[in-house]
Amino acid sequence: MVEHMKSPRYTFVTTWHVDAPLEEVWLHLIHIEAWPTWWKGVEEASILSAQNIASGGVGSQVKTRWRSWLPYSISFVLTIREVQIGKYLIADSKGDLDGTGTWEFSENNGTTIATYTWDVHTTKPWMNVVAP
């Protein structure tokens, strides 16, 4: 009998300092299908359902596929849960990774500070077995 393993949790925090006004950075973030052009590791980002992301987008769903230095890709669907335009965006993830991602924004002298906090756990049994 195989004992059920608890899936490990991971928290990743990435902060960008972008020499651009917050409004411009926000527009890049909500242009989801362009993520692979600027967000390292994103192989695919496609909108499954849109609830006018530019004006909030709560309920919108995005299919994503990511690749890192690991020899496999991971896929999951993001569902936008909460938005305050220009301040933060929170999305839930379901798929190879389940959890929550939170974007937070601020501006200082024309530089936008964008912080992405990603709290997730793996869902595939083989990922749990090989987890550090």
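These are my notebook entries on a predicted model.

**Ground rules**

I number residues from 1 along each chain as its sequence is written, and I work with heavy atoms for side-chain values, leaving out hydrogens and water. As this is a predicted model, local features need pLDDT of at least 70 and side-chain atom pairs count only at pLDDT 80 or more, while totals for chains, interfaces and linings use all residues.

**Entry 1: the overall fold**

I began with the secondary structure and found three helices and seven strands. My helices (H or I, at least four residues) and strands (E, at least two) are DSSP runs, numbered from the N terminus. Along the sequence I read the pattern β-α-α-β-β-β-β-β-β-α.

Next I looked up burial, and 40% of the 132 residues count as buried. For me, buried means under 20% relative accessible area, exposed over 50%, and partly exposed in between (1.4 Å probe, protein chains only). The protein exposes about 8100 Å², with carbon and sulfur atoms supplying 56% of that area. The areas come from the Shrake-Rupley method with a 1.4 Å probe; for residues, only the protein chains shown count as cover.

I then turned to contacts (heavy atoms within 4.5 Å). Taking those between residues at least 6 apart in sequence, I see that 43% join residues at least 24 apart.

**Entry 2: the nonpolar core**

In soluble globular proteins, nonpolar side chains tend to be buried together. I define a nonpolar core as a set of buried Ala, Val, Leu, Ile, Met, Phe, Trp, Tyr and Cys residues joined through side-chain atoms within 4.5 Å. The largest one here has 27 residues, and Trp35, Leu89, Trp103 and Phe105 touch the most other members. At least two residues of this core come from each of H1, strand S2 (42–49), strand S3 (61–67), S4, S5, S6 and S7.

Which residues does Trp103 touch, not counting those up to four places away in sequence? My list is Trp16, Leu29, Trp38, Trp39, Lys87, Tyr88, Leu89, Ala114, Thr115 and Tyr116.

**Entry 3: the cavity**

Rolling a probe the size of a water molecule over the atoms shows where empty space is left. I used a 1 Å grid over the protein atoms alone: a cavity is a set of points where a 1.4 Å probe fits but cannot get out, and a pocket is an open set with protein on both sides within 12 Å along at least five of seven lines; lining residues have an atom within 4 Å of a point. Grid points are joined across faces, edges and corners, and a volume is the space filled by probe spheres set on the points.

I found one cavity of 30 Å³ or more, and the largest cavity holds about 120 Å³ of space. It is lined by 14 residues, with Trp35, Leu78, Leu89, Ala91 and Trp103 the closest to its centre. Two or more lining residues come from each of helix H1 (22–30), strand S4 (73–84), strand S5 (88–95) and strand S6 (97–108).

By class, I sort this lining into 13 nonpolar, one polar and no charged residues. My classes put Ala, Val, Leu, Ile, Met, Phe, Trp, Tyr, Cys and Pro as nonpolar, Asp, Glu, Lys and Arg as charged, and the others, Gly among them, as polar.

**Entry 4: the second largest pocket**

This pocket has a volume of about 230 Å³. I find Trp16, Val18, Ala20, Glu24, Val25, His28, Leu29, Trp38, Trp103, Phe105 and Ala114 in its lining. Which element gives the largest share of that lining? It is H1, with four residues. The classes come to nine nonpolar, one polar and one charged.

**Entry 5: residues I looked up one by one**

Val18 lies in strand S1 and is partly exposed at 27% relative accessible area. Its C-alpha atom is 8.8 Å from that of Gly110, 92 residues apart along the chain. Beyond four places in sequence, Val18 is in contact with Val25, Gly110, Thr111 and Thr112.

Thr115 and Thr15 are 100 residues apart in sequence, yet 4.2 Å apart C-alpha to C-alpha.

Asn109 sits in the loop between S6 and strand S7 (111–122) and is exposed at 78%. Most residues other than glycine have a negative phi. I noted that phi of Asn109 is positive, near 55 degrees.
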